[in-house]
Amino acid sequence: ALMPLAVPMLADPGAISTTLIMCNRASGLAHKVAFYLCLAAVIIATFVILKLSVHGARRLSPIAQKMMGRLMGLLLCAMAVQFFINALTQMGVPLKL
């Protein structure tokens, strides 16, 4: 249940463009080395978290796994609606919520 939510958020266009912008803003060798070290730290932390989540999911009962799946689906839906509202606001569409 965690994988379908985690992977698209890790590799979405925002993450890719932010990485490219930060890489281009690194001016000297020290900044580039710091950038790549931070990027490696994020990759390792992500791997560890996703690897540990598999072990945690094995300990959940089938009912708890189904509940987590539905909760993650609800969270994904709420995030999609929020992204849509943010896009409309940035385009200048007046929203009265």
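Accessible areas here come from the Shrake-Rupley method with a 1.4 Å probe, and for residues only the protein chains shown count as cover. With that in hand, hello everyone, and let's look at the protein chain: its accessible surface comes to about 8000 Å², and 75% of that belongs to carbon and sulfur atoms.

A quick word on the background. This is a predicted model, where local features need pLDDT of at least 70 and side-chain atom pairs count only at pLDDT 80 or more, while totals for chains, interfaces and linings use all residues. Residues are numbered from 1 along each chain as its sequence is written, and side-chain values use heavy atoms, with hydrogens and water left out.

So what is the chain built from? The secondary structure comes to four helices and zero strands. Both kinds of element are DSSP runs numbered from the N terminus, with helices being H or I of at least four residues and strands being E of at least two. Because the radius of gyration is 18 Å, well over the 13 Å that the globule rule gives for 97 residues, the chain is more spread out than a compact globule. That radius is taken over C-alpha atoms, and the rule is 2.2 Å times the number of residues to the power 0.38. The C-alpha atoms fill a box of roughly 55 × 45 × 15 Å along the principal axes.

How many of the 97 residues count as buried? The figure is 6%, where buried means under 20% relative accessible area, exposed means over 50%, and partly exposed lies in between (1.4 Å probe, protein chains only).

Now to helix α3, which covers residues 29-58 and holds Phe-47. Phe-47 counts as exposed because its relative accessibility is 54%. Together with Ile-44, Val-48 and Leu-52, Phe-47 forms a nonpolar patch on the surface, with about 420 Å² of accessible area in total. Patches take residues with over 30% relative accessible area and no salt bridge, joining like charges within 9 Å and nonpolar side chains (Val, Leu, Ile, Met, Phe, Trp, Tyr) within 5 Å. A salt bridge, in turn, is a side-chain nitrogen of Lys or Arg within 4 Å of a carboxyl oxygen of Asp or Glu.

Next, the cysteines. A search of the whole structure finds zero disulfides, a disulfide being a pair of cysteine sulfur atoms within 2.5 Å. Cys-23 counts as buried, because its relative accessibility is 16%.

Last stop, α4. Its 29 residues should span 42 Å at 1.5 Å a residue, and the end C-alpha atoms are 42 Å apart, which agrees; the expected span is 1.5 Å times one less than the number of residues. Ala-78 sits in this helix and is partly exposed at 46% relative accessibility. Just after α4, Gly-92 takes a positive phi of about 95°.
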